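User: Could you walk me through this structure? I'll ask about single residues to begin with, then about the secondary structure and the chains.

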Number of protein chains: 2
Amino acid sequence: MDKDEKAKYESRAKVLKALAHPARLKLVDILSEHDEVCVCELTEAIGTDMSTVSRHLTQLKNAGIVESEKHGQMVFYRLRVKCLTSLFGCIESVVHGHLKNQLKVLS
Amino acid sequence: MDKDEKAKYESRAKVLKALAHPARLKLVDILSEHDEVCVCELTEAIGTDMSTVSRHLTQLKNAGIVESEKHGQMVFYRLRVKCLTSLFGCIESVVHGHLKNQLKVLS
DNA sequence: TGTATATTTGGCTAATCGTGCAAGTAAGCA
DNA sequence: TGCTTACTTGCACGATTAGCCAAATATACA
């Protein structure tokens, strides 16, 4: 793998890694349904410590998936990416194809 | 998060996690260009120990992304998923949008 | 000014991950 | 029956991750 190729796969992996966690997927889902949401609301939806949610959001931000803006003492997060719905469509097809296959194996 | 919702995000995360590694992304890329490829060839392309490549392939298989078949003493891997190209299109748009944004910040 | 609220960051621990080497399994060939 | 090749698995180790609590920061408000 030359340097360019390595960089290509590493940058892709960085984005996928940022998405690859149940809590962060839920954050993205919520954000896809609203224009912008504060950390406090997101924390309530996720149900873990606010510090944990804040770190998840930082990861999504570092990957370029969300952006944030401070209004008063609250910080609002917003999706930067529009194509995630089709991406999840693909992921779901993997999930269901695989489950179907596992059932086949079991039976 | 109720049980169904939890399961939904966990199954998505599992697939994304399986993809979220440079070596595994390259494996998927190679497999998307060929019908089926043996572990030995994939190992040469990746450039790490064959045992490591074998484990990466196992992860992709457990996630439902690839399948394998043994012919003689060789094991051939094949992509099970057709939609990955559009998925990576989305990922790339995140990467480039983000880089553009970082350059803006720097200047 | 002092106090309360929203968020991020530091520090810690337990769990998971990636890797190489060595050993095991399975198929082909002499 | 051995010997070789292709692959997987066990083991060990260093690196990364997710989580919580406590402390720091920043803003609003009395």
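User: Which helix of chain A is A:S54 found in?

Analyst: A:S54 is found in helix α4 of chain A, where helices (H or I, at least four residues) and strands (E, at least two) are DSSP runs numbered from the N terminus. Please keep in mind that this is a predicted model, in which local features need pLDDT of at least 70 and side-chain atom pairs count only at pLDDT 80 or more, whereas totals for chains, interfaces and linings use all residues. Residues are numbered from 1 along each chain as its sequence is written, chains are lettered from A and ligands numbered from 1 in the order in which they are written, and side-chain values use heavy atoms, with hydrogens and water left out.

User: How does A:S54 count in terms of accessibility?

Analyst: A:S54 counts as partly exposed because its relative accessibility is 33%; buried means under 20% relative accessible area, exposed over 50%, and partly exposed in between (1.4 Å probe, protein chains only). From C-alpha to C-alpha, A:S54 and A:E10 are 24 Å apart in space and 44 residues apart in sequence.

User: And A:E33, buried or exposed?

Analyst: A:E33, which has its place in helix α2 of chain A, is exposed, with a relative accessible area of 59%. Although A:E33 and A:L79 are 46 residues apart in sequence, their C-alpha atoms are 9.6 Å apart in space.

User: How many residues of α2(A) are buried?

Analyst: Of the 12 residues of α2(A), 9 are buried, and the helix is mostly covered. The buried residues are A:A23, A:R24, A:L25, A:K26, A:L27, A:V28, A:D29, A:I30 and A:L31.

User: What span should α2(A) have at 1.5 Å a residue?

Analyst: Its 12 residues should span 16 Å at 1.5 Å a residue, and the end C-alpha atoms are 17 Å apart, which agrees; the expected span is 1.5 Å times one less than the number of residues in the helix.

User: Switching to the sheet, what is the strand order in chain A?

Analyst: The order is β1-β3-β2 in an open sheet of 3 strands with antiparallel pairing, where two strands pair if DSSP finds at least two bridges between them. The edge strands are β1 (37-38) and β2 of chain A, each of which pairs on one side only.

User: How many bridges join β2 to β3 in chain A?

Analyst: Strands β2 (residues 66-71) and β3 (residues 74-79) of chain A run antiparallel and are joined by 6 bridges, with A:E69 opposite A:F76 and A:K70 opposite A:V75. Their hairpin has 2 residues between the strands, and A:G72 takes a positive phi near 65° there. β1(A) and β3(A) also pair in the antiparallel sense, over 2 bridges, and A:V37 stands opposite A:Y77 in β3(A).

User: Where does α2 of chain A lie?

Analyst: Helix α2 (residues 22-33) of chain A lies across β1, β2 and β3 of chain A and runs at about 85° to β3(A); axes are lines fitted to C-alpha atoms, for helices over the stretch in contact, and angles run from 0 to 180 degrees between N-to-C directions. Helix α4 (residues 50-62) of chain A packs on the sheet, touching β2 and β3 of chain A, and its direction makes about 120° with that of β2(A), contact meaning heavy atoms within 4.5 Å.

User: Over in chain B, which residues of α4(B) are buried?

Analyst: B:V53, B:H56, B:L57 and B:L60 are buried in α4(B). Seen down the helix axis, the buried residues of α4(B) fall within an arc of 100°, so they line one face of the helix; the arc is that of the directions from the helix axis to the C-beta atoms.
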